[in-house]
Each structure stands twice: as C-alpha cells, then as structure tokens.
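Work through the exercises below with the model open. Try each task before reading its solution.

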Amino acid sequence: MVILKLPEEIEKLRTSNLIVAEILEELRERIRPGVTTRELDSLSEGLSRKSRVRPAFKGYRGYPFALCTSVNGEVVHGMPSDRPLVAGDILSLDFGVDYRGYFGDAAITVPVGAVSAEARKLMKATEEGLYNAIRQAQAGNRLGDVSAAVQERVEADGFSVVRDFVGHGIGRSLHEEPQIPNYGVRGRGIELRPGMVLAIEPMVNEGSYRVKILPDGWTVVTEDGKLSAHFEHSVAITENGPDILSLLR
Ligand code: MF3
Ligand code: CO
C-alpha cells in the first residue's frame, strides 16, 4: 500500500529533506585528498546534533554509522573508514535523517580532486538519469515511466543500472512502498498520484550491472571492480508536478 501524504505532511518531509541537503552540502565542501570517510561520518553526526535531527541510518538493521560512504567500485552502503581519500576517487555520500518522525533521504557522488573523463561522464549520466526520472514523477504517469527514464539515459552512454537495489517511498518510515527500480518499461507499474513521496536513487555502474556484498555484510561493490555512481532525491508528486524536497534553493 502506498501511503499518500497531505500537503502539511509534505512540508514536514521538506524540512527533514532540506536538513539532509544542507548537511550533504557541508560534507561536500570538506571533500579533498587526505580526508577520511570516518571524518565525514563524524561531521555528519555533529551537524545532525546541531540541527536536532537523528541520523536515520545509524542502527537501521544494525548499520553502525550515520553516513554511507561508497568509494569508486563501491555501489552503496559503503562504510566509513580511516583510509584517506586520494585524488581521482569518486565518493558517494548517502545520508538520511528523522526529524520529529518524518524522514529525509538523499545522496550525491562527488569527485575527489581531479578525476578521469570516464568518471565525470558516469557521474553526469547518473545525475541526469535522476533528473529525467524526476521529470516523469507526474500525477497520471506510471512508475515505469520514472524507472525507464533513468535506464534510457544511462544506457545511452553505455553504462548499466544496478538491479539489486532500488529507490523507495518515504514518509514516517525511511522505506515505504513502492519500490522504485531504476530500470523498467514506460506505461507499466502503478499510477502516480498527488501525495506520493518517492526517494528516487539511481545506482549506475561503469561496466556490468552485477554487484556483490562484501563479507562486512553491508558494502555493495561492482563485481567487475569498475566505478559506480549514486544520486538520490526525495520527490513529492503534486498537482503542479514534481516537487524536489531535498533540493536547496
Ligand atoms: N538511501 C539508502 C536507502 O534508502 C540508504 C540506506 S543505508 C542504511 O536504502 F544503512 F540505512 F541501510
Ligand atoms: Co534511499
């Protein structure tokens, strides 16, 4: 069952999501060679305390950190560590908060110093895939329109969409129905309605879409060791079109 939100609930979700966006922005500004992902995780905890929000991932199914930090061939759920970032890395930051029972969730992939042209192309395709998907998040469209928009954009550049992890509805829980694959067929799936709030989060691989989970039980990596990128926004479907709740204006 997809839970529809009233306009006042959407405003509460906007508050949570804007805090996520602000914290991600502060983290982005700190990223440079030599910084460790553990430092970024600590910073995200401090900023959460300052904003009086609870980091939503910490303790979620036993996840031990506030922030997910996925480097290069890590796809999602990468765990912060003491390995310093080096120039040429790409780093995905995924962060969520709970503010007064309403959840926010967003992700960005950021270059560390100068990165390869291929890495830049992968990040651009993934982010544009997300924005094309958001453009399809319209009342009367179907979920397959959103999914296909990601897939078409990234496959046009020869990249592949991860199958094993998907986006999700978001609200008074971090994960609600529906599941939102980043691949699909236009015209298929549930009809989108005003009041739905969707966390759309393409995970896109440079090579094969195949992934595996490391023995730590969390870190998802590409099977072929090639790069992966991840962008996420939480988006409300309204009578006036998509409303990106996690976008700083
Ligand atoms: N954005 C990811 C998701 O929606 C992050 C979850 S990380 C976890 O699944 F640690 F909370 F699992
Ligand atoms: Co999410």
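**Exercise 1.** Is E201 buried or exposed?

*Solution.* Start with the conventions. This is a predicted model, in which local features need pLDDT of at least 70, side-chain atom pairs count only at pLDDT 80 or more, and totals for chains, interfaces and linings use all residues. Residues are numbered from 1 along each chain as its sequence is written, chains are lettered from A and ligands numbered from 1 in written order, and side-chain values use heavy atoms, without hydrogens and water. Next, apply the cut-offs: buried means under 20% relative accessible area, exposed over 50%, and partly exposed in between (1.4 Å probe, protein chains only). E201 has 7% relative accessibility, so E201 is buried. D105 is at 2%, so D105 is buried too.

**Exercise 2.** Identify the residues that coordinate the cobalt ion (ligand 2), then classify the site.

*Solution.* Donors are N, O and S atoms within 2.8 Å of the metal (3.2 Å for Na, K and Ca); water is not among the atoms, so sites may look incomplete.
- D105 (OD), H168 (NE2), E201 (OE) and E232 (OE) coordinate the ion at 2.1 to 2.2 Å.
- Their spacing along the chain is D-x62-H-x32-E-x30-E.
- D105 lies in strand β5 (residues 102-111), while E201 sits in the loop between β9 (197-200) and β10 (203-205), 96 residues away. Strands are DSSP runs of E, at least two residues, numbered from the N terminus.
- The six donor atoms make angles of 66 to 173 degrees, and the site is irregular. Six donors count as octahedral if opposite donors are over 155 degrees apart and all others between 65 and 115.

**Exercise 3.** Which strands pair with β4, and in what sense?

*Solution.* Two strands pair if DSSP finds at least two bridges between them.
- β4 (residues 90-99) and β5 pair in the antiparallel sense over 10 bridges. V97 stands opposite G104, and S92 opposite T109.
- β1 (residues 54-55) pairs with β4 in the antiparallel sense over two bridges. R54 partners D98.
- β2 (residues 67-71) pairs with β4 in the antiparallel sense over five bridges. L67 partners F95.

Finish with burial. In β4, 10 of 10 residues are buried; in β5, nine of 10 are.

Technical notes: Tetrahedral: all angles 85-135°; square planar, octahedral: opposite > 155°, others 65-115°. Helix = DSSP H or I, 4+ residues; strand = E, 2+ residues; numbered from the N terminus.
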